[in-house]
Amino acid sequence: MGVRIIGIGSYVPDNVVTNFDLEKFLDTSDEWIRTRTGIVERRIAPPDMATSDLATRAAERALKDAGISAEDLDMIIVATATPDMFYPATACIVQKNLGVRKKPCFDMEAACPGFIYALDVASGLLNLPNYRHILVIGAENLTKFMDPEDRATYVLFGDGAGAAVLTKDDSPYGIITSCLGGDGNLGDLLYLPAGGSRRPASKETVEKRLHYTVMKGREVFKHAVLNMQAAALTVLQRAGLKKEDITWLVPHQANVRIIDATREKLGLPPEKVYINIDKYGNTSAASIPIALAEMKEKGLLKRGDLVLTVSFGAGFTWGANIIRWG
Ligand code: COA
């Protein structure tokens, strides 16, 4: 039995923050950000807008696109590293917002590849008799966890959400295969030091700004390039496909130079790669479903297109999916 994406939708907050806006309070420049990352602007959620708010709006759009109601769902999975709170799960809050009850719902924390992980997990579950429709959401409110005084991290991230409705299907369309990877040995290159059980929030952790993300950018960059290249090649091999079979490479939008390195390894021309980092920055688990929803809206995705998604993030974690669109 196959698993098909029957609906997709996304939501980003209205508030656009440009590189020039950041120049006003950070020792940075539009030129530096643009040339080192490809980012021109990003969306920043207002203080009272939580991850579940972004996720719910994306979910409503995906359900509308799928032509089913929330009542038809058998499960809700939210991939996020920035939940509303530790518990209840953001997926439970989304369920409440969608006005339904008694559906299994849980969050998945696999950082930036969270959506790719969730597609693979949901595909496995859809092969069981219990489930027919699963809503998978990638949603992040990362800017609330970036230090506005740290130019090395604050300029890179943005907020948003994307959602997909997955269903059992025996057509030739859908998720063909996935590959997931992880390595916890390098976790200290990208992490959020305080607020968890290792270092619970205290006056001291707040004073030391330990509730903000710490990242060794140059190191992360190297690992991102290597692992995204490797994951893309592995998933192609697993699917029995050649590089030239791919219609679209839809990579995680972390840095345009990482995207270029992945594309070059696959030998794909630039026009086969979807890039929107200029508009949204790095939205972590939301970046791939936001890109897919945008591509569908623009009419770029045709029935039968082979889409390769690939991502890398904190953990480290990485992964890739091959989807035959339709
Ligand atoms: N504006 C201006 N200068 C900045 C800056 C900013 N926003 N951020 C850093 N710099 C400075 C650094 O302080 C450094 O100055 P120095 O040479 O005087 O020490 C210089 O720019 C170069 O820094 P470096 O970190 O070597 O730059 P880089 O070319 O590696 O680019 C990143 C930095 C963060 C853009 C890049 O490493 C990257 O994208 N890494 C991956 C990050 C990522 O994707 N994380 C999420 C994973 S999903």
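Lys102 sits in the loop between H4 and strand S5 (105–108). The model here is a predicted one, and in it Lys102 has a phi near 55 degrees, a positive value in a residue that is not glycine.

Two cis peptide bonds also turn up. One joins Tyr87 and Pro88, with omega at about 5 degrees; Pro88 belongs to the loop that runs between strand S4 (75–79) and helix H4 (90–97). The bond between Gly315 and Phe316 is cis as well, and its omega is about -5 degrees. Phe316 is found in the loop between S12 and strand S13 (317–324).

Domain 1 puts 49 residues into the contact, and domain 2 puts in 46 residues. As for how much surface goes into this, the size of an interface is often given as the accessible area lost when the parts come together. Between domain 1 and domain 2, about 3,600 Å² is buried, with carbon and sulfur atoms giving 64% of it. On the domain 1 side, the residues that lose the most area to domain 2 are Cys112, Ile116 and Tyr117, which together make up 18% of what that side buries.

Then there is the ligand. Both domain 1 (2–172) and domain 2 (176–324) give residues to the shell around it, so the ligand lies between the two. The shell counts 23 residues, and the closest are Thr28, Arg36, Gly217, Arg218 and Asn255. Sorted by class, eleven of the shell residues are nonpolar, seven are polar and five are charged.

Several polar atoms of the protein come up against the ligand. The side chain of Thr28 has an N or O atom 2.6 Å from a ligand nitrogen. Gly217 takes part through its backbone, where a polar atom is 2.9 Å from a nitrogen atom of the ligand. Trp32 has a polar side-chain atom 3.3 Å from a ligand oxygen. On its own the ligand would expose 960 Å², and the protein buries 75% of that. The elements giving two or more residues to the shell are helix H2 (30–37), helix H6 (151–154), helix H8 (217–239) and strand S12 (306–313). Of these, H8 gives the most, with four residues.

Notes: Residues numbered from 1 in each chain as written. Predicted model: local features only at pLDDT ≥ 70, side-chain atom pairs only at ≥ 80, totals over all residues. Heavy atoms only, no water. Near = heavy atom within 4 Å. Polar contact = N/O pair within 3.5 Å; in protein donor to acceptor, adjacent residues only side chain to side chain. Areas by Shrake-Rupley, 256 points an atom, 1.4 Å probe, with all protein chains shown as cover. Nonpolar A, V, L, I, M, F, W, Y, C, P; charged D, E, K, R; others polar. Domains from an automatic or database assignment. Contact = heavy atoms within 4.5 Å. Buried area = accessible area lost by both parts, 1.4 Å probe.
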